[in-house]
Amino acid sequence: MIESERLILKPLTYGQLRKYMRLDNSLEKELNLNSASRTISPDLIEALEHTILQNVADPNKNYLFSTVWTLISKENNQMVGDLCFMGEPNTDGEIEIGYGTYEEFRRKGFMTEAVGAMIEWAEKQSGIRSIIASTEKTNIDSFSVLEKNNFIKSGETETLYKWLHKIVQF
């Protein structure tokens, strides 16, 4: 668990991920949270079913690099968004981050704060040299989060910007 000024970032266990997928407030009940309206994108459902759950269940992997981290607002005691890494660091020491804020909590700075907290966490982990991300070119809010956390644009495709944040090890 990681704390920032306004948030608690909680990595979900295998059982909690199963509840997270149900969208029936069972996870919120387990975590003693107020319910909030949330949806799971089709891409995240696919990742959960085909990759995330499998990696979190694997005792040979560090689940913190595969699970969904839920973002909990301290003030409202509600889940406001999620983020995750796309697996353990690769041979170049890169980890990829993905994230999303629930509709009613967007444009309040929660994700900028959460990504900043995860950068601080990553700086304390061995073997991590950089965090990478991709954003749709049209998703200004998403790449604004990265820019505010000192990511630099490292490339692009027809539809995506690629981003990079170098890690300073402590």
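A nonpolar core is taken here as a set of buried Ala, Val, Leu, Ile, Met, Phe, Trp, Tyr and Cys residues joined through side-chain atoms within 4.5 Å, where buried means under 20% relative accessible area, exposed means over 50%, and partly exposed lies in between (1.4 Å probe, protein chains only). The model is predicted, so that local features need pLDDT of at least 70 and side-chain atom pairs count only at pLDDT 80 or more, whereas totals for chains, interfaces and linings use all residues. Residues are numbered from 1 along each chain as its sequence is written, and side-chain values use heavy atoms, with hydrogens and water left out.

The largest nonpolar core holds 49 residues, and those with the most contacts inside it are Leu9, Tyr20, Met118 and Trp121. Helix α4 (residues 110-123) gives the most to this core, contributing 9 residues; helices (H or I, at least four residues) and strands (E, at least two) are DSSP runs numbered from the N terminus. Because 13 of the 14 residues of α4 are buried, this helix is largely enclosed by the rest of the structure. Contact means heavy atoms within 4.5 Å, and Trp121, leaving aside neighbours within four places in sequence, is in contact with Ile2, Leu64, Phe65, Trp69 and Phe85.

The spans of two helices can be set beside their expected values, the expected span being 1.5 Å times one less than the number of residues.

| Helix | Number of residues | Span between end C-alpha atoms | Expected span |
|---|---|---|---|
| α3 (42-57) | 16 residues | 21 Å | 22 Å |

Asn149 is found in the loop between α5 (140-148) and β7, and at 9% relative accessibility Asn149 counts as buried. Leaving aside neighbours within four places in sequence, Asn149 is in contact with Thr112, Val115, Gly116, Ile119 and His165. Thr159 lies in the loop between β7 (152-156) and β8 (160-166) and is partly exposed, with a relative accessible area of 44%. Not counting residues up to four places away in sequence, Thr159 touches Thr135, Glu136 and Lys137, while the C-alpha atoms of Thr159 and Thr138, 21 residues apart along the chain, are separated by 8.0 Å.
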